[in-house]
Amino acid sequence: MARRLPRKDVVVIGLGWTGSIVSLELARSGLDVVAIERGPWRDTATDFNIGTAADELRYAVRHDLFLRPKQETLTMRNNPSQTALPIRKWGSFLPGNGVGGAGLHWNGQTWRFLPDDFRIRSHMIERYGATILPEGNHIQDWPVSYAELEPYYDKFEYVAGISGRAGNIKGEIQSGGNPFEGARARDYPTPPMKQGFQQELFAKAANDLGLHPFPRPSGNISVAYTNPYGCSMAPCTYCGFCEWFGCANYSKASPQACVLPALIRQPSFEARTECEVTRVSLSGDGKMATGVIYVDADGVEWEQPADLVLVCAYSLFNVRLLLLSGIGKPYDPVKDEGVVGRNYAYQTGSGTTAFFEDVKFNPFAGAGSLGIALDDYNSDNFDHSPHGFVGGASITCAHTNGRPIRFHPTPPGTPTWGGAWKKAVRDTYQKVANVSAQGSVMSYRNNYLDLDPTYKDPLGRPLLRMTFDYQDNERKMANWMADRCDEIAKAMGAKATQINRLTGSWSVVPYQSTHNTGGAILGSDPKTSALNRYLQSWDVSNVFVMGASAFPQNAGYNPTGTVGALTYWAVDAIQNYLKSPGPLVQP
Amino acid sequence: MSQRADDLHHTGITRRSLLASAALLITTTGAGARVVTKVLPWRPNEAYPVKPVVPGGYLFFTAIEAATVDAIVDRLIPTDELGPGAKDAGVTTFIDRQLTGPYGGHDWLYMQGPFSEKPLPTQGLQSPLTPRQQYRLGLAALHGYCTATHGGRGFIQINPEEQDKLLAAMEKGEVSFPNFSSRTLFGAIYANTMEGYFADPIYGGNRDMAGWKLVGFPGVRYDFRDVIEKPNEAYMLPPVSLQGRPAWGER
């Protein structure tokens, strides 16, 4: 029997980007807020000390910062006819753990989805007819528009200090920015990062091809900046240790750099770390949450009563927590009914590796978001009628790092070891650029999340089961994008290229992207969505679920900008909810 | 690789004891929780460094295993006119120390059964064998195979051409060892060799930053604003590791 603690106004599950933002905004309104986080407390000064942070083996190879699969993992299979097995070691994606969550170890690429992305189903049918939609798809319009989210994107970008160049301010196209982006109220808070030599080549080649390159929006910031919460950030030093690392310079936007210093000063806020929420507790009729049950580091079970429960864990674990708590009807792909676990989606990766001669790219001088991108092939910015696929990709010549355990490329045909390999590694290190396409993944009836029947976590609870594969639509799109990347690489002057296509089934082994979306999506119909347009559970009105689990399908961008915007959008809705509790949308 | 608990022992204070003392102040909260409120809990000069590997002897490998690993990594990355190879850069010591840490026991991985006999290739690692077991069983199997097919000579006794031929066959899974996958053994040694040759020297490999010097990686300088300002120009400064540079003296 759980020991019962004194009631709080709000309990927040997970203290990453979304958890820290909602905690700060609600604590500032005078509410008593407790955040419960299963991982450790993490501070820049202590945990990402400049004398220890730049350690490729510890962080990028042994995964020191990430959730340990021993504590929790998921099982996976490619389709419902197979038996799912546990992901014993992370590969394809890397869920974070501890205070800061994935907002700590990300690269910092901070995008807004395009206006068309929010009504992709209607838009594609209007322009091409319903036959363009792939077989078995569950593509849904978002119940919120780009215009509605714009002020909230702006808010998140100003909290995170994002460095970039606007392409469209209030409808006026700006030179040097992304001409395809939705209209924004004002420019980015800080100017774009400096770029490397390969980005110069890419920008010139793209311009020559009639494309529209621009510096990609970056959470590694270009200049010193103090955000609206009074948190100060320092200029990025291009150290080359962003993704999978904490930043020792206060240069990468993170909850640690941008939110926690303000949050911790709120007298009505408290964080409890190393405590794992096992479920949201419900009233007898299952219609209201009464708080959460959690287990502390000593294995003792506690009940934390609260009036409002905000589910702010990583997207996949939000879905698992809803399933374990019995909030919302679990999705059943056979009957095509239910909502929790529905519309899991991911991201495609394809592109080309380009080999040059007589260049010094100095790959070690990079940053997670450094890069020149173009959106000519994203969303519906190009005519899809000849191609037979839905979706698109942002194409980027990025330059994140030259860390040599994982980055020691050799040209095609080089032996994998021995003296010839060693010479090729030495001769090639300075001469490789990647042009890559990060693509959308649509939602499908047979790509979903549920609870595994066999495998359990150390507390005896079933693991989440992921059933996912790339579909023909995504393969077609990603491979067409790979050819576009290759064209640009050749125009950059590459002497040889190696095209990376999307072939075969999705595998957990190679790292791809920690952009897991869907499973607790927002929508306008409770039969096909777990949340209403305000991220409020249709079934339990004092539960809101933050994060990329809310995306109805994934776009050709990194998710964090949209996660941040949705969080601020939900905060405003929660303020309204508090004035008059109950469903914010009548089903 | 060093576990956080080990690091904290190093400083003479455990996080658990920190938790307990913090929690005692707040009686309404579970004692097993770390409670953070009102101020950020960091203190100056508190960090979690890894414990530097001290070379000398082996903690996991037997003498014959160490000699065999030495011979294998010396073929994978040989010493030549470009500089030291993996053996001379201390990669065998690196692997030995990694195997004695959490990596060697797959301590952080999900190792609960049942273990499938027929996993899909897309499902990744599904073996119950830890790296320690892979090396112990795999090196014994290699020895058994090698002596049986090379007139009683083990891997360290056959000539370099024979070694290369055997390694190439292991890489492709073209040889069958008694009771162990030759490809699995090759895969483990290959991955650990790359790690050891290019990881920070604090872990025992990449001695004198040989791997970094080969490619021109400047290490942990953590500030390359000067490089970004000078595109397509050669970088001339020598590398720096987590423990500094030899010229800075013993640390």
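The legends below describe close-up views of a predicted model. Residue numbers start from 1 along each chain as its sequence is written, chains are lettered from A and ligands numbered from 1 in the order in which they are written. In this predicted model, local features need pLDDT of at least 70 and side-chain atom pairs count only at pLDDT 80 or more, whereas totals for chains, interfaces and linings use all residues.

**View 1. The six-stranded sheet of chain A.** An open sheet of 6 antiparallel strands in chain A has the order 8-17-18-19-16-22. Strands (E, at least two residues) and helices (H or I, at least four residues) are DSSP runs, numbered from the N terminus, and two strands pair if DSSP finds at least two bridges between them. At the edges stand strand 8 (214-215) and strand 22 (496-500) of chain A, each pairing on one side only. Strand 22 of chain A is joined to strand 16 (residues 348-355) of chain A by 5 bridges in the antiparallel sense, with A:Ala354 opposite A:Thr497. Helix 12 (residues 472-491) of chain A lies across strands 16, 18 (393-398), 19 (432-439) and 22 of chain A, at about 20° to strand 16 of chain A. Axes are lines fitted to C-alpha atoms, for helices over the stretch in contact, and angles run from 0 to 180 degrees between N-to-C directions.

**View 2. The four-stranded sheet of chain A.** Here 4 strands of chain A form an open sheet of mixed pairing in the order 5-4-21-20. Strand 5 (85-86) and strand 20 (448-456) of chain A are the edge strands; each has a single partner strand, so one side of each lacks a neighbour in the sheet. Strand 20 of chain A pairs with strand 21 (residues 462-467) of chain A in the antiparallel sense over 5 bridges, and A:Leu449 has A:Met466 as its bridge partner in strand 21 of chain A.

**View 3. A hairpin in chain A.** Strand 12 (residues 276-282) and strand 13 (residues 289-295) of chain A pair in the antiparallel sense over 6 bridges, and A:Leu282 stands opposite A:Ala289. The hairpin has 6 residues between its strands, and in the turn A:Gly286 has a positive phi of about 75°.

**View 4. The contact of chains A and B.** The contact takes 80 residues from chain A and 70 residues from chain B, two residues being in contact if their C-beta atoms, placed from the backbone, lie within 7 Å. Helix 8 of chain B gives the largest share of the side of chain B that touches chain A, 4 residues. This side of chain B has 45 nonpolar, 14 polar and 11 charged residues; Ala, Val, Leu, Ile, Met, Phe, Trp, Tyr, Cys and Pro count as nonpolar, Asp, Glu, Lys and Arg as charged, and the others, Gly among them, as polar. Strand 11 (residues 269-273) of chain A runs antiparallel to strand 1 of chain B, joined by 3 bridges, and A:Arg272 has B:Val35 as its bridge partner.

**View 5. Helix 10 of chain A.** Of the 11 residues of helix 10 (residues 315-325) of chain A, 10 are buried, so the helix is largely enclosed by the rest of the structure. A residue is buried if 20 or more other C-beta atoms, placed from the backbone, lie within 10 Å of its own. The buried residues include A:Phe317, A:Asn318 and A:Arg320. A:Gly326, with a positive phi near 75°, follows helix 10 of chain A.

Key:
A residue is buried if 20 or more other C-beta atoms lie within 10 Å of its own, exposed if 12 or fewer, and partly exposed in between; C-beta atoms are placed from the backbone.
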